[in-house]
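Morning, everyone. Let me put the model up, and then I'll walk you through it.

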Amino acid sequence: MNEPVISCQALGKDYRTSRKAPGLVGTLRAFVAPQYASVAAVADFDLEVRPGEIVGLLGPNGAGKTTLMKMLTGIVEPTRGSARVLGYEPFKRPRDFRRRIALVMGQKTQLWMDIPAYDSFQLLQRYYEVPDKDFAERVHTLGEMLGVRHLFTTHMRRLSLGERMKMELMACLLHKPDLCFLDEPTIGLDVVAQKHIRDFFRDYQRENQTTIILTSHYMADIEALCPRIVLVLGGRKRFDGTIGEFEGILGKEKFVSLVFSDRVDQNHPLWTDLNPQWDESGMSVELQIREDALRERSIQLLSAFPVVDYSTEKLPIERVLKALVTNPHLLPG
Amino acid sequence: MLKAELRKWQKTTSVSISRYMAFKVDFLLMLVAPSFVFVAINYSIWRSIFQSRGGESISGFSMDQMLQYQCWSFIVALLTRSHRTWNLSEHIRLGRITSFLLYPFDAWKFYASEFVAFQLLQFCTALPSIIALRAFGFLPQLDLMACALGILFSLLVSVLWFVCDFTLGLAGFWLEEVWVFRVIFGLFAVLLSGAFIPIELFPPVLQTVIGYTPFPLITSVPVHIFLGTKSVPIGWSMGMVCAWTAALAVVSGVVWRRGIRLYTAAGI
C-alpha cells in the first residue's frame, strides 16, 4: 500500500542540437556539413513521490525541470533510465494513465481560444468520460472557488491572462486527476492573481489529497504550497528535502534589513562576513547574520550607525536559491 | 465503451464547427472563395482556349464537355480537399500537439474529427453549388444516380486526401519547414489527377504511368462518375481508393510511432 505515485531511477534525456558558426561562412558550412551536439537536459535523475505530496521543483532556467515534467507526463521519451508514474510507463501513454494525470502549462494554453471556456470544458468532459452529474458539480464548485462562473460563456481570447489561467486550472481539474503537474502556473500574473491561485491550490489539495508537482520561478508559490523541495541544477538533482532543510543549507541565518538616517561608511569592518547588499542610495542595507550571533551583532550595528528602521526575518528562499545556483559547491554531497 | 468513443468524436466535430464559424467573415470567405477562384480562373481559361480555337474540340472534348468537366472538377475539389491537417507539421514544430498526447483522445482522432467537421461544411457548400451550376446553365440535366455515386466516391476520396495530408504533416517531426513539400505535392496532385487538364489530354505514356498512381482516383475518376461516363469501373476504383487509404494509414501509423520519439514539445 501507499506505493509511490512517481518513481524514477537514473532518468535522463539528451537533446540533439545543431551548431552553426557565426557569419556567412558558418551558414554555408552548416548547410553543407551540419554539425550536431548532444546535450543532456536531464541526467541520472532519481525521484520518488508519495501519494498526496506536493513537491516543488526548483532551479534556474534551462536546469531541466520542464524536461523532467515532460518525461513524467509521457510527452517526451527518456533517453536513459526508467520511470513509473501511477504504476504506468509514461511514454507508452496508456489511456488509463492519461485519464489520471493533468498538466498545466503557464506558458502555453491548452484550451481553444476561438470558443468559450465552457465549450472546451464540455469537450474535456467527453474526453475524460466524466458523468454529467459529476461534471456539473465540479464546474460549479471550481467556478465558485476561482470566481470565474460569470466568464464561462465568454470567448477565451477575450479573457485576461489571469482569467485564462483560472480556466486552464479548471480544465485540468475537471476529471479529478490523481497527479497534477503545474509548470509555472502563476507566470505573468499580478500578485493578487498569484495569491488567488496559490490559495486555490492549497485548499483544493487539502480537500482532494491530489499529488502535485510544481515548478515556479515565484518562490512565494513554492513556500506557500510545497513542504518538499527538489533542486535541479544542470539537469541533475542536487537537493531533495523539506523546505526547512533547504533554508538551513547555508546555516541557520537571519535576514536583517537596516535603514539609516544618513549615508554610512560601507567599508566599515563591522560589515565583514555579513554579505551586505546595499541599495543605490547607500541609505539601506540587507544583511545575513548567524542566528546565534544575531543579538550581539545587532547591538553593535545599532550602536555604530544612525539606524532608523530595523527588521529581521528568516533567510528568504530566493536568497538561498541564488546562493546555491551561483555556488553549487555549497550543496551537500 | 463504443458509445463513449462516439460521443468524443461527435463533440470534437461540433466544437470544430463552432471554431470554424467563430470568425464570420473568414468563414464566409472560406465558403465563397473557392467558387470565385474557379469561375475567375479555371472556367474562364478553358472558355477562352476553346473560343480562340473557334470552338474546335480538343482530344474529343467539346467546349461544353470541357466546361462541364471543369464544373464537376470544382465540385469534387469541394467535396474532397479539406486540407485540414496542413498545419499539423507546424503544430508539431511549435509543440501544439502536446495537449493531444495528454488527453485520452489521440491526436489523429482529433484531426480526423476536425476533418469530418470541415467536410460537413464543405458538403453543405457543394450541394447548393451543384444546384446553382445547374440553375445558371453550366451543367445539363442532372443524373441523380450519377450524382449520388459521385458524391459517395468523392467522400471516400476525401478520406484518402486526409490520410495523405496527415502523413505528409508528420514530416514536421523531422523537418522544420514542410510547406515546400506540400506545395510541390499539391501541384503534382492538381496536375496529375486531372483537376485542371483532363488526363485524356496527356500523352499515352504519361497516362499509363499515372494509371499506376492514386492521382486519377482523386479527381478524374469522380468527375467521370458525375459526368455519367459509362466506362468507369466504379467498384474497382472504390476498392483502389480504400486500398490506398489503408496503405497510407499503415504508413502514417509507423511514421507517427517513429516521429513521436523525436518530439521535444518545444515552447513549453
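Some ground rules. This is a predicted model: local features need pLDDT of at least 70, side-chain atom pairs count only at pLDDT 80 or more, and totals for chains, interfaces and linings use all residues. Residues are numbered from 1 along each chain as its sequence is written, while chains are lettered from A and ligands numbered from 1 in the order in which they are written.

Chain A, overall. It has eleven helices and 13 strands. Helices here are DSSP runs of H or I with at least four residues, strands are runs of E with at least two, and both are numbered from the N terminus. The C-alpha atoms of chain A fill a box of roughly 70 × 60 × 50 Å along the principal axes. Of its 333 residues, 37% count as buried. Buried means 20 or more other C-beta atoms within 10 Å of the residue's own; exposed means 12 or fewer; partly exposed is in between; the C-beta atoms are placed from the backbone.

Now contacts. Two residues are in contact if their C-beta atoms, placed from the backbone, lie within 7 Å. Take the contacts in chain A between residues at least 6 apart in sequence: 74% of them join residues at least 24 apart.

Next, the sheet. In what order do the six strands of the open sheet in chain A run? The order is β5-β6-β7-β3-β8-β9, with mixed pairing. Two strands pair if DSSP finds at least two bridges between them. β5 (101-105) and β9 (236-242) of chain A stand at the edges with a single partner strand each, so one side of each has no neighbour in the sheet. On average, neighbouring strands are turned by 15° against each other, direction ignored.

Look at β7 of chain A, residues 211-215. Five of its five residues are buried. Thr211(A), Ile213(A) and Thr215(A) point one way, Ile212(A) and Leu214(A) the other. β3(A), residues 54-58, runs parallel to β7(A) and is joined to it by four bridges. There, Ile54(A) has Ile212(A) as its bridge partner. β6(A), residues 179-183, also pairs with β7(A) in the parallel sense, over five bridges. Cys180(A) stands opposite Ile212(A), and Leu182(A) stands opposite Leu214(A).

On to the helices of chain A. α6(A), residues 161-173, lies across β5 and β6 of chain A and runs at about 170° to β5(A). Axes are lines fitted to C-alpha atoms, for helices over the stretch in contact, and angles run from 0 to 180 degrees between N-to-C directions. α4(A), residues 117-127, crosses α6(A) at roughly 15°, and their axes come within 10 Å. That makes α4(A) roughly parallel to α6(A). For the angle classes, under 35 degrees is roughly parallel, over 145 roughly antiparallel, 65 to 115 roughly perpendicular, and the rest oblique. The contact uses Ala117(A), Ser120(A), Phe121(A) and Leu124(A) of α4(A), with Met167(A), Met170(A) and Ala171(A) of α6(A). By class, that is six nonpolar, one polar and no charged. Nonpolar covers Ala, Val, Leu, Ile, Met, Phe, Trp, Tyr, Cys and Pro; charged covers Asp, Glu, Lys and Arg; the others, Gly among them, are polar.

Now the two chains together. 22 residues of chain B are in contact with 28 residues of chain A. On the chain B side, α1 (2-22) and α5 (98-102) each supply at least two residues. α1(B) gives the most, with nine residues. That side of chain B has eleven nonpolar, six polar and five charged residues.

Next, a helix pair in chain B. α3(B), residues 63-80, and α11(B), residues 220-227, pack at about 120° with their axes 9 Å apart. That makes α3(B) oblique to α11(B). The contact residues divide into eight nonpolar, two polar and no charged. Among them are Trp72(B) in α3(B) and Phe226(B) in α11(B).

Last stop, Pro216(B), in helix α10(B), residues 215-218. Why does Pro216(B) count as buried? Because it has 21 C-beta neighbours inside 10 Å. Beyond its neighbours within four places in sequence, its contacts include Ser193(B), Ile199(B) and Val221(B). The C-alpha atoms of Pro216(B) and Ala195(B) are separated by 9.0 Å, and the two are 21 residues apart along the chain.
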